[in-house]
Amino acid sequence: NAESSVTVYVPDNSQGMEMFSLIKEMIAHLKREDTENFYGALDYEINNMKEEDWANNWKQYFKPFRVGQTFLIKPSWETCEPEEGRRILEIDPSSSFGTGTHNTTQLCICELERLVRPGDRLLDMGCGSGILSVAAHMLGASDIAAVDIDPNAVKIAAENAEKNGFSLRTHVGDVIGDAALSEEIGGSYDIIVANIVADVIMGMRYILKDKLKPEGTLIVSGIIAPRADEVQQSLLDAGFVLDR
């Protein structure tokens, strides 16, 4: 079996040298402690490489792809031919989460396909790139609010909505503990989608309940498998009923 290898990129300056020094100290420490040779060789080698455009290199791997029954998701810098029965959702995630390639995002899009009815009000909690808001709009939702703790994400979401021909109502901040923000977001939503993480979903459970219409639907995702039962129970305790 090949040994594990970790690659670290550091700049060729004093900060990089300091980081490299710390890495060497860590390796020496592991060698001293590793009496049973658990960590293998613990060698290191140094190579120089050209400065790369880290911010844009990933784009070469992001190609148009199908999601659910009706979507063809494409990055804004790619071109693709329309496909019968599929709508093209154009997205530029920039530095925000939400290319559509992640399983949690795709699960949410599939649920939106199943649930959204024309004219629905939808709240996208933790919107990232706004991809779920855009998908909801394309499925017929008419009043969509997008919320994120990261101002940059909200800006990117608004830009992506514009690219797809509609205006998004955006809100920045942490809704937990910010009553003014919660008031601003409003309520009576037909659907709320929260593709975040377990702890945040549980922390917002009563806020989410309060913002839904009595017969509304909450879609939650971003939950690792070992936490699924805990999150489900937390939502049931808050008064939600499990649909699926």
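Three strands make up an open sheet with mixed pairing, in the order 1-2-3; strands here are DSSP runs of E with at least two residues, helices are runs of H or I with at least four, and both are numbered from the N terminus. Two strands count as paired if DSSP finds at least two bridges between them. This is a predicted model, in which local features need pLDDT of at least 70 and side-chain atom pairs count only at pLDDT 80 or more, while totals for chains, interfaces and linings use all residues. Residues are numbered from 1 along each chain as its sequence is written, and side-chain values use heavy atoms, with hydrogens and water left out.

At the edges of this sheet sit strand 1 (65-67) and strand 3 (87-91), each with a single partner strand, so one side of each has no neighbour in the sheet. From one strand to the next, the twist averages 35 degrees. Five bridges hold strand 2 (residues 71-75) and strand 3 together in the parallel sense, and Phe71 has Arg87 of strand 3 as its bridge partner.

Then there is the sheet of five strands, also open, with parallel pairing and the order 6-5-4-7-8. Its edge strands are strand 6 (169-172) and strand 8 (212-221), each pairing on one side only. Here the twist averages 15 degrees from one strand to the next. Strand 5 (residues 143-148) runs parallel to strand 6, joined by four bridges, with Val147 opposite His171. Strand 5, helix 5 (residues 151-163) and strand 6 also form a right-handed β-α-β unit (with the strands pointing away from the viewer, the path from the first strand over the helix to the second runs clockwise).

What about the helices? Helix 3 (residues 103-115) and helix 4 (residues 131-138) have axes that come within 10 Å and cross at roughly 20 degrees; axes are lines fitted to C-alpha atoms, for helices over the stretch in contact, and angles run from 0 to 180 degrees between N-to-C directions. The two helices are therefore roughly parallel, a label for angles under 35 degrees. Thr105, Cys108, Ile109 and Leu112 of helix 3 meet Ile131, Leu132, Ala135 and Ala136 of helix 4, contact meaning heavy atoms within 4.5 Å. Seven of these residues are nonpolar, one is polar and none is charged (Ala, Val, Leu, Ile, Met, Phe, Trp, Tyr, Cys and Pro count as nonpolar, Asp, Glu, Lys and Arg as charged, and the others as polar).

Helix 3 also lies across strand 1 and strand 2, at about 55 degrees to strand 1.

Definitions and conventions. Parallel < 35°, antiparallel > 145°, perpendicular 65-115°, else oblique.
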